[in-house]
Amino acid sequence: MSLAAYCVFCCRRIGTSGPSTKSDLPWKDIRKISKLTGSLILGGFVFITYEVLALKKLLTLDTQAVQQEKLKSYIYVNTVSLDPSESQGLTYKARKELHKIVRKILETEAKILRRPFDEHFSKFAEDHERALWVLLKRSQSEDRIIRLQAVQQLAENSHWHDYQYRTVAQACDQRTVIGLARSKDIDLRFFLPPPPLPKVKDDYAIEDELRLLLVSLPQTDLEQCVQYFTSLALRESSQTLAAQRGGLWCFGGNGLPYCKTLSKVPSETVELFCLQALVQHSKVSTHCDKIEANGGLQLLQRIYQLRNDSAKIQRNIIRIIGNMALDERLHSSIVRAGWVSILAEAMKSPHVIQSSHASRALANLDRETVQEKYPDGIYVLHPQYRSSQPIKADVLFIHGLLGAAFKTWRQQDTNQPLGVKAFEGEEVYSECWPKTWLASDCPSLRIVSVEYDTHLSDWKTKCPIEDHRKSIAYRSNELLTKLRVAGVGDRPLVWVSHSMGGLLVKKMLVDASKNPEMDKIVNNTRGIIFYSVPHHGSQLAEYSMNARYLLFPSVEVKELSTDSPALKELNDDFLSFAKDKKFPVLSFAEILPTHIGSMIKLHVVPVDSANLGIGDLIPVEVNHLNICKPKKKDSFLYQCTVKFIQDALARELGS
């Protein structure tokens with residue numbers, strides 16, 4: 001407006017000015033006209049330059065602002081149609097044309113001022129940015145198929161910028177973040193870090209917090225083993241407090257076997273006792289509510305971060321989270337506490353034990369693609385991620401005496417020192433061959449491994465109060481319940497067992513045949529593999545019984561004795577049952593003796609005892625421990641195993 005007024009004023013002055021001398025008139029007019037024209041050109045150029053620079057500043061993406069936005073808890077997405085044609089109306093086209101005009105203006109301005117053109121505007125980024133939000137919106141669709149496709153497409157993006165990953169991390173909902181965590185090779189930038197924990201004082205002690213959490217949990221109407229673990233943890237933490245305050249701490253207690261000095265008890269050992277007690281409490285649904293209400297999720301997260309050098313402590317913590325995840329009411333609390341990002345990172349661990357514990361916890365959180373639930377001690381070795389590969393059958397691995405869900409099924413140990421790389425062409429050592437070898441040979445199988453506590457002697461038993469819990473009969477009933485919750489029996493299945501695990505398999509099948517609710521497990525059994533199973537007793541039991549005053553043999557060992565009535569009854573019942581069902585059986589028998597300690601050498605399961613009386617029996621020149629640990633993938637032991645599985649499931653696998 002000021003520029004227009006100035007022009008009118010100058011024109012009026014030219015029009016009203018009096019006559020001048022003839023010689024001066026042309027030069028005065030030229031001077032006035034040049035003043036007017038110069039003002040217009042200069043003012044217009046300044047105005048255009050200002051507007052262009054202001055517009056450029058408005059269109060420039062501030063990445064620091066995006067990083068600051070990450071600190072916020074959530075970004076809410078406006079409700080828009082998923083149909084691209086509905087969004088590309090007049091407004092969309094106008095914005096696109098405006099972007100082109102602005103781009104031309106900026107290019108011209110860059111040429112006039114001889115400045116480099118910002119390549120950020122070299123492409124129309126609306127479609128690319130819009131695709132991210134469309135995927136996020138689809139991930140929240142009411143249609144399950146659309147949701148799953150959107151999560152898969154999000155997980156497959158590996159070319160995004162940091163701010164785009166952060167945008168997804170803030171905007172995605174609970175189902176989406178869990179789905180991303182269960183996607184293979186996922187980028188961890190998809191997940192927000194756990195919320196910052198409150199600062200603690202210098203004299204903060206984890207043992208005190210664990211003790212307070214245990215005391216806050218119900219102490220009445222508990223199973224005897226839960227009471228035992230809780231009282232043990234509280235007693236040892238009390239001894240720790242007494243030692244820290246200058247009191248005396250004595251050797252020879254039931255819990256801590258040693259201490260470095262008389263004034264310091266190993267805090268890591270005390271924490272392990274407390275965490276073992278929490279594991280037992282986390283098996284009780286009502287106790288999980290109390291753990292969450294009393295800040296247990298945050299406390300466990302703090303311990304997980306502080307004890308990043310202790311794989312055992314971290315495994316116990318993830319085990320607790322996996323047990324709590326069985327209760328769907330606690331899912332939102334677990335996600336809000338930041339555990340999904342921790343579990344997603346643990347899934348990438350090269351150690352099969354760590355990754356399998358995290359996989360179980362995430363599978364229990366994932367109600368979108370996983371119908372089953374995995375109780376404590378039931379681990380899925382394959383598939384551990386979401387997959388489009390349909391699962392056609394199950395293979396179950398049951399370990400034996402002193403075994404475990406992972407270490408029992410490792411590749412046979414070599415004399416090569418740890419950390420030494422394999423030669424070129426040599427296969428990488430497998431910590432769990434069912435997870436690596438069998439999964440690659442039969443990708444359409446669900447491979448499940450079961451874990452339960454066993455002991456040679458009552459000296460080392462974890463829960464010495466209830467002996468009946470360690471009997472084969474009790475464990476059979478307990479595992480059958482867990483396996484049905486995990487969906488075992490819904491598909492055809494093959495059992496693979498070692499040592500006492502084979503007796504447990506026989507007992508479970510016999511019991512299931514008598515229970516109408518467990519009919520599916522029996523009817524869908526397609527075959528059984530026995531690795532050195534003592535169908536007629538074990539020499540280890542005879543040795544332990546002879547040294548009973550020294551070893552105090554456990555219930556498990558007593559049941560393996562050759563004169564055990566329960567063992568004979570089980571074998572007779574199973575033979576009658578198996579002959580009626582006519583499913584294939586493959587038995588492997590050890591030939592070499594096993595070294596137990598430095599002085600004892602035993603043939604744990606003789607060939608006669610490993611012979612069930614039905615099916616095929618294959619003697620192998622290995623000892624009892626290595627009968628289920630193939631040397632290589634192309635070894636006779638493994639090849640026989642995988643061929644039996646493929647033949648037994650030929651109809652399902654299509655081979």
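**Two helices crossing, and onward**

Modeller: Let's start with a pair of helices in this predicted model: helix 14 passes helix 17 in a left-handed crossing.

Biologist: Which residues make the contact there?

Modeller: From helix 14 they are Leu 297, Leu 300, Gln 301 and Tyr 304, and from helix 17 they are Trp 339, Ile 342 and Ala 346. By class, that contact has six nonpolar residues, one polar and no charged ones.

Biologist: At roughly what angle do the axes cross?

Modeller: At roughly 35 degrees, and the axes come within 12 Å. Helix 14 covers residues 296-306, and helix 17 covers residues 339-347.

Biologist: Now the overall picture. How many helices and strands does the protein have?

Modeller: The protein has 29 helices and nine strands. Of its 655 residues, 46% are buried. If you take contacts between residues at least 6 apart in sequence, 75% of them join residues at least 24 apart.

Biologist: Back to the helices. What does Leu 275 touch?

Modeller: Apart from neighbours within four places in sequence, Leu 275 is in contact with Leu 210, Leu 300, Ile 313, Asn 316, Ile 317 and Ile 320. Leu 300 also takes part in the contact between helix 14 and helix 17.

Biologist: Where does Leu 275 lie, and is it buried or exposed?

Modeller: Leu 275 lies in helix 12, residues 267-281. Leu 275 counts as buried because its relative accessibility is 0%, and buried means under 20%.

Biologist: How far is Leu 275 from Leu 210?

Modeller: Their C-alpha atoms are separated by 8.1 Å, and the two residues are 65 apart along the chain.

Biologist: Different topic. How many cavities of 30 Å³ or more are there?

Modeller: The count comes to one. About 30 Å³ of space lies in the largest cavity.

Biologist: What lines it?

Modeller: The lining of the largest cavity is Ser 139, Arg 147, Leu 148, Val 151, Arg 175, Thr 176, Glu 368 and Arg 386. Helix 7 (144-156) and helix 9 (174-181) are the elements that give two or more residues to that lining. Helix 7 has the largest share, with three residues.

Biologist: And by class, what is in the lining?

Modeller: Two nonpolar, two polar and four charged residues.

Biologist: You mentioned helix 9. Why is it largely enclosed by the rest of the structure?

Modeller: Because six of the eight residues of helix 9 are buried. Those are Thr 176, Val 177, Ile 178, Gly 179, Leu 180 and Ala 181. Thr 176 is also one of the residues lining the largest cavity.

Biologist: What do the buried residues of helix 9 pack against?

Modeller: They pack against helix 7, helix 8 (162-171), helix 16 (331-336), helix 17 and helix 18 (352-365).

Biologist: Where is Lys 582, and what is its phi?

Modeller: Lys 582 is in the loop between helix 26 (565-581) and strand 6 (585-590). Its phi is positive, about 60 degrees, and Lys 582 is not a glycine. At 71% relative accessibility, Lys 582 counts as exposed.

Biologist: On to the strands. What does Ile 447 touch?

Modeller: Ile 447 is in strand 3. Not counting residues up to four places away in sequence, Ile 447 touches Tyr 379, Val 380, Leu 381, His 382, Val 395, Phe 397, Pro 434, Leu 438 and Ala 439. Ile 447 is buried, with a relative accessible area of 0%.

Biologist: Which residues of helix 19 are buried?

Modeller: In helix 19, residues 433-441, they are Trp 433, Pro 434, Trp 437, Leu 438 and Ala 439. They pack against strand 1 (378-382), strand 2 (393-398), strand 3 (445-450), strand 5 (525-531) and helix 28 (636-648).

Biologist: Last one. What kind of peptide bond joins His 382 and Pro 383?

Modeller: A cis peptide bond, with omega about -5 degrees. Pro 383 is in the loop between strand 1 and strand 2, and His 382 is among the residues that Ile 447 touches.

Conventions: Residues numbered from 1 in each chain as written. Predicted model: local features only at pLDDT ≥ 70, side-chain atom pairs only at ≥ 80, totals over all residues. Heavy atoms only, no water. Axes fitted to C-alpha atoms, helices over the stretch in contact; angles between N-to-C directions. Helix = DSSP H or I, 4+ residues; strand = E, 2+ residues; numbered from the N terminus. Left-handed = near helix turned anticlockwise from the far one by under 90°. Contact = heavy atoms within 4.5 Å. Nonpolar A, V, L, I, M, F, W, Y, C, P; charged D, E, K, R; others polar. 1 Å grid on protein atoms, 1.4 Å probe; cavity = no way out; pocket = protein on both sides within 12 Å on 5 of 7 lines; lining within 4 Å. Points joined across faces, edges and corners; volume = space filled by probe spheres on them. Buried < 20%, exposed > 50% of the residue type's maximum accessible area, 1.4 Å probe, protein only.
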